[in-house]
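Biologist: Hi! I'm new to this one, could you show it to me and walk me through its aromatic rings and its core?

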Amino acid sequence: MEILRHITIGQYIPGNSIIHRLDPRIKIVMLILMIVFLFTIKKFMGYIIFIFFVGFIIALAHISIRFVLRSLKPILFLILLTFILNIFMSPGDTVLWKWSFWEIKKEGLELGIQMSLRIVLLIILSSLLTFTTSPIELTDGIEYLLGPLGIFGFPAHELAMMMTIALRFIPTLMEETEKIIKAQLARGADFQSGGIVKRVKNLIPIFVPLFISAFRRADDLALAMESRCYRGGKYRTRMKELRITVRDFLACCVMFLVVFLVEYVEFFVW
């Protein structure tokens with residue numbers, strides 16, 4: 001249960017860095033483009049350049065690297081499983097190690113490292129978006145990007161609001177879960193002993209109050225929104241309008257420069 005305190009997805013770290021001040025629409029689009037580009041990298045030199053670029057973003061955001069790496073702890077099992085499956089199940093010709101019917105091939109080892117790096121960088125990039133973008137800015141950015149779909153009757157504002165609320169309440173629910181676990185442990189609950197069936201049954205005292213608390217919070221949020229005359233995206237105004245500045249264009253130029261550098265190194269140098 002210690003893993004719950006290491007979940008940082010959805011948290012926002014207030015700040016005034018250049019990354020914080022970027023337009024949320026630009027940050028969302030850049031995140032999507034970088035994730036797509038991440039899955040096109042084939043050479044390790046390309047991954048090294050990309051890792052340095054991500055480290056540069058973290059430094060500009062003035063966020064502790066230790067805090068960023070905390071977001072990886074809940075998925076360490078997934079990263080390890082991905083690595084093991086790739087090194088033992090990928091086809092190849094160059095055998096590096098063999099014992100009985102187990103064998104590690106060079107191609108499988110390279111693919112395992114690449115897939116693990118992709119997952120790590122994917123989580124870090126996604127976490128950086130929520131670390132440096134407030135829930136209101138994130139909602140406005142998603143709504144603007146989905147706005148053109150409104151001509152087809154697509155509820156852009158409502159979808160953006162739901163996505164942002166879901167992200168925002170992840171840390172809150174994790175904190176609530178940790179409190180419930182501590183309360184149940186103080187009452188003598190045992191979540192570690194027994195078989196799988198017994199452990200699943202032991203989780204019922206956690207899930208029941210957690211669901212009750214989640215529904216209560218959702219009801220309170222709905223009541224608060226209604227009391228403030230919230231009526232969705234129709235006739236809604238904003239205190240701060242989003243504007244794309246020179247800073248946003250420079251950020252896009254830097255990203256495309258890194259993409260060009262990686263492609264150049266992969267195809268012409270390495």
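This is a predicted model: local features need pLDDT of at least 70, side-chain atom pairs count only at pLDDT 80 or more; totals for chains, interfaces and linings use all residues.

Biologist: Where do Phe-37 and Phe-50 lie?

Modeller: Phe-37 is in helix 1 and Phe-50 is in helix 2, so the pair ties together parts 13 residues apart in sequence. Both residues are buried.

Biologist: And what about Phe-50 and Phe-53?

Modeller: Their ring centres are 6.4 Å apart with planes at 65 degrees; the cut-off for edge-to-face is over 60, so that's what this pair is. Phe-50 and Phe-53 sit three residues apart in helix 2, about one helical turn. Together with Phe-37, they form one aromatic cluster.

Biologist: Switching topic, how many residues does the largest nonpolar core have?

Modeller: It has 43, and Phe-50 is among the residues with the most contacts inside it, as are Met-34 and Ile-124.

Biologist: Which helix gives the most to this core?

Modeller: Helix 5, with nine residues.

Biologist: You mentioned Met-34. What does it touch?

Modeller: Leaving out residues up to four places away in sequence, Met-34 touches Phe-50, Phe-53, Ile-57, Leu-125 and Met-255.

Biologist: Last one: which residues does the second core include?

Modeller: That separate core of five residues includes Ile-180, Ile-181, Phe-191 and Ile-206.

Note on methods. Residues are numbered from 1 along each chain as its sequence is written. Side-chain values use heavy atoms; hydrogens and water are left out. Helices (H or I, at least four residues) and strands (E, at least two) are DSSP runs, numbered from the N terminus. Buried means under 20% relative accessible area, exposed over 50%, partly exposed in between (1.4 Å probe, protein chains only). Rings of Phe, Tyr and Trp (its six-membered ring) pair if their centres lie within 6.5 Å; planes under 30 degrees apart count as stacked, over 60 as edge-to-face and the rest as tilted. A nonpolar core is a set of buried Ala, Val, Leu, Ile, Met, Phe, Trp, Tyr and Cys residues joined through side-chain atoms within 4.5 Å. Contact means heavy atoms within 4.5 Å.
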